[in-house]
Amino acid sequence: MPPVAADEVLYNNSLIQQLTVAAKDAALLHGVLMRTKEEPSSTETASYAPFSLFPSPVPKKLFTQACEVQQDFNLLVDRISQDSEFLTKALASTVEVDDFTAGLFGIYKEVLKEGIAQPITLGINRSDYMFDRGLDHNVSLKQIEINTIAASYAGLAERVPDVH
């Protein structure tokens, strides 16, 4: 397909549908896969992992800013994870209404009760950002979450450029 202007693509619903089908096939071809909710244990059934249809350009300045603060955020998450009193207070109301968090917190309390056996821990954190364009038209980075559980797609990230 010859190169086209972005607006011609973004406002062409027929082309978007064609690109969507092609991108899903490319995701399957390049191993951007996950098991399905319906059959999570099946080795015969898979679907493509979520991905964006178009790559998102990131201004170098904002990418650098995100990289520079990541170590500080990781240290903060690590220190919070080791502060049992703080976690117990901070999560008290959440564990009452959220079964998933309650289950995780139950595991956490059991590990504390048994004693932490290993001297080293590993944290795999994912930070999600969005861009904000202010009234002055300057673009800034806004962190929307730090995720310490849903970081499993990190291994697929290097395959997504092949889909694009």
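A salt bridge, for this talk, is a side-chain nitrogen of Lys or Arg within 4 Å of a carboxyl oxygen of Asp or Glu. Searching the whole structure turns up 3 salt bridges.

A word on the source. This is a predicted model, where local features need pLDDT of at least 70 and side-chain atom pairs count only at pLDDT 80 or more, while totals for chains, interfaces and linings use all residues. Residues are numbered from 1 along each chain as its sequence is written, and side-chain values use heavy atoms, with hydrogens and water left out.

Two more terms. Helices (H or I, at least four residues) and strands (E, at least two) are DSSP runs, numbered from the N terminus. Buried means under 20% relative accessible area, exposed means over 50%, and partly exposed is in between (1.4 Å probe, protein chains only).

Start with helix 4, residues 84–97. E85 and K89 both sit there, 4 residues apart, about one turn of the helix. They form a salt bridge, with the closest N and O atoms 3.2 Å apart. E85 is exposed, at 55% relative accessible area. K89 is exposed too, at 62%.

Now to R126. It meets D128 in a salt bridge, 2.8 Å from N to O. D128 counts as buried, because its relative accessibility is 19%. R126 counts as partly exposed, at 30%.

R126 also meets E145 in a salt bridge, at 3.4 Å, N to O. This pair links distant parts of the chain: R126 is in strand 3 (residues 126–133), E145 is in strand 4 (residues 139–147), and they are 19 residues apart. E145 counts as partly exposed, with 33% relative accessibility. Through shared partners, salt bridges join R126, D128 and E145 into one network.

Last, the surface. Which residues form a nonpolar patch there? They are F100, L104, I107, V111, L112, I116 and I149, with about 650 Å² of accessible area together. Patches are made of residues with over 30% relative accessible area and no salt bridge; like charges are joined within 9 Å, nonpolar side chains (Val, Leu, Ile, Met, Phe, Trp, Tyr) within 5 Å. Accessible areas come from the Shrake-Rupley method with a 1.4 Å probe, and for residues only the protein chains shown count as cover.

Take I107 from that patch. Its place is in helix 5, residues 99–114. Is I107 buried or exposed? Exposed, because its relative accessible area is 53%.
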